[in-house]
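This report describes a few local features of the structure shown below.

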Amino acid sequence: MKIGSLIFLTSFLFFSQTLMAQQGAFDQANTLLESGKPMEAMQAYRNIETDGSVSGALYLNMGITAMQLDSFGLSKFYYLKAEQFPSTQSQASEALIYVDSQFSRQSAILPKLPWDRAIDWVNQKLTAFGLFLIGFFFTLAGLTLLYLGWLNKLPLNKTFSTQLTLIILGSSLALLAFYADYVNQRYHEAVLVSSSQRVLELPDDESPLVSIAYEGYDLTVDQWESKEKDGWIYVRLGNGQYGWTKPEGIKVL
Amino acid sequence: MKRIGKLRHLFFLLITFFGLSGLLIAQDIQVSANLSETNIFSGEQVKLEVSVSGSAMGSVKQPELPQINGLRWLQGSTSRGTQYTIINGKPSVTYTFGYVLIAQSPGEYSLPPITITVEDESYQTESIEFSVLDPASLESGDAERSPDIYVRIEPDTNNPVVGQQVVADVVLYFKNGVEVSSYQPTPGWKAEGFWKEELNYPQRAQTSSTIVNGVRYQKARLIQYALFPTKSGELTLSPFEITVSVRARRSSSDPFGFGLNQERMTLQSVPVTLDVESLPELDNAEFIGAVGNFDIERSISTNDALVGESIEINTRISGKGNVPLINKPKYNLPETLERYNPEETSNIERNDREISGNRNFRDIVIPRNEGEYSIPAKRVAYYDPERSDFVIVRLPELTFNAERDPNAPLLTEKDLRFNVKPVTGLANWKSPSATPLHERTLVWILIFLPILLTIGAYGFKKYQDRMQTDSAFARSRRASDKADRILEEAEHTDDIKTGYYLIEKALTQYITDKLNLPPAGLSHSDLIDAVDKFADKELTGSLKKLLDKCETIAYAPNATHKTLSSDIEQTREIIKKVGKLT
């Protein structure tokens, strides 16, 4: 009992100190930003991110700093990251509208299919693990009814349809969670932060040009396909075109 | 037609005369000897030419041939020629003395230096190695079977590494007597798996003599390609096709040669397979795809720039090898620099049987904020086939300082009309985790948990069903509990006789339930017989002794609670042992 308490106390102190260190470094970076040293501030923010701690506030401030450094592509990248945190979602969305209006070239955006939007919603709001847990509890509820029926605590015949529905629904949700996770692992949203990038039909400099992506363009990177060719990534442009491009200047969310 | 030869001759003699008036003997006299063949069959004739040349010289005596082992001079076969040339405005004369010799016995020989006397000065030629071959050593029929003319692709190596230059010559072989008046390669020859570059080569192909399988051929190198394998493994050079115009020997139907015997032929080389080896692994530098011998440099256009000014980072790779296949080194440029697509230029030379030149890469960056910028040092590597190893070049760190133009307005949040303010308070920190579902232990536990639960619940259901439907099974499962309850009652009784009665009841109950015997109407001996079928003698004896004691306890005057307790424990032991029998 005493050893357990000691471990708990040690862990608590360790986590508290880590959190305090992050917050302290964050405050210092904010001071640098406020005193008109955006470059140093950006470096300080990056150090916090490299140490393995992130927050919506961190990314929002990095976006603002990138704007002060006159890199709108990078700024958009950080605002998109900040948008994924509930605490900074609205501010990041507002900033994104402004940043998008500053790019000299705008990409045509093909709306996503409902199915893709649903998968995106699962990954962003519920998370695949959350959906899997929901599926698990549905399945467990159906099985519990079945067990009670076996133990003659519930009439098995009367609850059969409910059991079947719960088990099938729960298993389907769990499978859907795996699919959403597969999509999440394979396709990553990205932003072009360099001035322009050529998108080619094949991973070859001599290959025909598909399109040219410009700073601020939203891209979807196919990570699995990209593993096939070193020094190239396979991307989908906002207008639905696919092609190969060099990874320089592309920041993956 | 104008006759100008004699005029030129006269002009030259005049110059020579006036030039020699001061008795100046030229100091640039050169002598040489040349054998028309160096692989000669025994009995075959060969021509030896001795030349002496210079810008001005007096009398030149006919050289006397020394004793030449392996060759015999055919007396009276000498010839003499004179040639005048003007090179860069300077006149030059060349005297050539020809001799016909006949090859003697087979062997390896050396033509000794030949002495030439010019204006009482003696000069010597270089010695020449030659072989006299035995015609009898040839397989009969080789000469008849060999084609009059054919074409081959001859690479200079058959085992290159990926990216190494391979010089492939397209060589035409034709027998003496066959006159090739022109040739035309068929366009579109492809070298699959190679990057191909045609090398510069004299328009007029030079011929030389060679012996192939005992047959003398003239060979002419028509075209040269530099080939660079782009992958490892066995790569095959497809047949090269060429059309030649040939004037063949006179046929028997045209013994006087009235017909031209001109013929157009299409020739095709045989495929040539090269075994291309892959490059070794490299882990401490970036390989830029260069194979050859190169110099690699990196420079920056300025070290002091204004914010918004473009800065060039130039990388120059020059040398010999696969210049056009070289990739741009990847630099870790500061993220705050605005980057533009790099520019690439190449300058390639195709002379002297190799590809050389330079490849330049220009990265253009623009600092958008003032400060000190650094482009880290970089280790790049190319592969040197002569060393059979990578050569690593360290490109030093580049730095530059960017200052804001005092006339340029400072970019502020207010100017941007941007209303989002930085968050300066406490933040909610979390660790970014993107572990895939299938790599989470908890997920697998949650998958297997319902399966295990279902298996357990189903087993329990089957147990319950059997307890309700199988009375023997139910009696057997409940026997122990019943016996325990009776023995507990015996422990708490004050009456010794009642205690032993309960012991007897517990044993009878347990044995009949466990062994599925009728619950009533069995004597002690029936019970002992039933147990005896499964148990050893010791257990049966203990059981009999205990049952007998229970039966005769009324006649035991010294029975106490202590012996009762001891017998209750013994009963438990017996029940435990009987329980293990089934």
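A:Gly52 follows helix 2 of chain A and has a positive phi, near 100°. This is a predicted model, in which local features need pLDDT of at least 70, side-chain atom pairs count only at pLDDT 80 or more, and totals for chains, interfaces and linings use all residues. Residues are numbered from 1 along each chain as its sequence is written, chains are lettered from A and ligands numbered from 1 in the order in which they are written, and side-chain values use heavy atoms, without hydrogens and water.

Helices (H or I, at least four residues) and strands (E, at least two) are DSSP runs, numbered from the N terminus. Helix 2 of chain A, residues 38-50, has 13 residues and should span 18 Å at 1.5 Å a residue, which agrees with the 18 Å between its end C-alpha atoms; the expected span is 1.5 Å times one less than the number of residues.

Chain B holds an open sheet of 3 strands in the order 22-29-26, with mixed pairing. Two strands pair if DSSP finds at least two bridges between them. The edge strands pair on one side only:

| Edge strand | Residues |
|---|---|
| strand 22 of chain B | 304-306 |
| strand 26 of chain B | 371-375 |

Strand 26 of chain B runs antiparallel to strand 29 (residues 398-403) of chain B, joined by 5 bridges. There, B:Ile375 stands opposite B:Leu398 of strand 29.

B:His524 belongs to helix 7 (residues 524-532) of chain B. B:His524 is buried, at 13% relative accessible area. Leaving aside residues up to four places away in sequence, B:His524 touches B:Glu504, B:Leu547 and B:Glu551 (heavy atoms within 4.5 Å).

Conventions:
Buried < 20%, exposed > 50% of the residue type's maximum accessible area, 1.4 Å probe, protein only.
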